[in-house]
Amino acid sequence: MRHGKKFNHLSRTADHRRAMLANMAISLIEHKRITTTLAKAKALKKYVEPLITKAKEDSTNSRRVVFSYLQNKEAIKELFGVVAEKVGDRPGGYTRIIKLGHRQGDAADIAFIELVDFDENMAKTPKAAAKKTRRSRKSASKAEAPVEAPVAEESAEVAAEEKPAEEKAE
C-alpha cells in the first residue's frame, strides 16, 4: 500500500532516482528543453524549481547547496549566470510541461519540459491581443468612436496646411 508516500518513486531505488533527476536537471539547465515521459517531467519539475529559486541569490552557500544536488560545474555556472538573470523577477513557475502524446513502443505519455523564459516562440505571442467576447458589438462601437474622431481632426489639419501651399504656388 502507498499510505503516506507523497511523490512518484518512478519504479527506481532512491539512489537511482536521485541520480536520474540530477542528470535530467543538468540537461534541462544546459539545453533549456528536454523531452521525457510525463511522470519524469512532473518529478523533475518538483526537483529543479527549488534549485532555480536558490540560484536567484548568488552566494557561496547557495552555490554549494545547489552543487550538492547537481555535481556539475558547468551547469552551476549556467544556472547562476544566464538562468538566474532571466528568472530574477519571476516569483515561481520557472518550468512548463507540454504533453506531446504517446510513445509508439510502450504507449507511455511523452512530454517536454522547458524553462519558461527561454522559449522564443511563446515570448513572441502577444498577450494583449483582442479577446472576443459576447458583448463585443456594444463595446466595439463605443471603443471605435473615439478612435475615429482624432483621425477626422488630423485630416482637417492636413487639408488646412495644404491649401496655403497651393495658394503660394499660384
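Tutor: Happy to! Let's begin with a pair of strands: β1 and strand β3 (residues 109–115) are paired in the antiparallel sense, with five bridges between them. Two terms come in here. Strands (E, at least two residues) and helices (H or I, at least four residues) are DSSP runs, numbered from the N terminus, and two strands count as paired if DSSP finds at least two bridges between them. Keep in mind that this is a predicted model: local features need pLDDT of at least 70, and side-chain atom pairs count only at pLDDT 80 or more, while totals for chains, interfaces and linings use all residues. Residues are numbered from 1 along each chain as its sequence is written, and side-chain values use heavy atoms, with hydrogens and water left out.

You can follow the pairing residue by residue. I34 faces I113 in β3, and R33 has E114 of β3 as its bridge partner. Now look at β3 from the β2 strand: seven bridges join β2 to β3, and these two run antiparallel. Here R96 stands opposite E114 in β3. β2 and β3 form a hairpin with six residues between them, and in the turn A107 has a positive phi of about 60 degrees.

Put together, this gives an open sheet of three strands in the order β1-β3-β2, with antiparallel pairing. β1 (33–37) and β2 (95–102) stand at the edges with a single partner strand each, so one side of each has no neighbour in the sheet. On average, neighbouring strands of this sheet are turned by 25 degrees against each other, direction ignored. For such angles, axes are lines fitted to C-alpha atoms (for helices, over the stretch in contact), and angles between N-to-C directions run from 0 to 180 degrees.

How well covered is β3? Six of its seven residues are buried, so to speak mostly covered. Buried means under 20% relative accessible area, exposed means over 50%, and partly exposed is in between, using a 1.4 Å probe and protein chains only. K99 stands opposite A111 in β3. Leaving aside neighbours within four places in sequence, K99 is in contact with L38, I110 and A111, where contact means heavy atoms within 4.5 Å. K99 and D109 are ten residues apart in sequence, and their C-alpha atoms are 7.5 Å apart in space.

Next, look at what lies across the sheet. Helix α1 (residues 14–31) lies across β1, β2 and β3, running at about 145 degrees to β1. The buried residues of α1 include M20, L21, M24, A25 and L28. An α-helix has 3.6 residues a turn, so residues three or four places apart point the same way. The partners of the buried residues of α1 are β1, α2, α3, α4 (73–86), β2 and β3. The 18 residues of α1 should span 26 Å at 1.5 Å a residue, and its end C-alpha atoms are 26 Å apart, which agrees; the expected span is 1.5 Å times one less than the number of residues.

Just after α1, K32 takes a positive phi of about 70 degrees. The charged end of K32 also sits over the ring of F118, 5.0 Å from its centre. To count, NZ of Lys or CZ of Arg must be within 6 Å of the ring centre and within 35 degrees of the ring normal. K86 does this too: its charged end sits over the ring of F118, 4.9 Å from the centre.

Finally, here is the wider setting. The protein chain has six helices and three strands, and its elements run α-β-α-α-α-β-β-α-α from the N terminus on. Of its 170 residues, 28% are buried.
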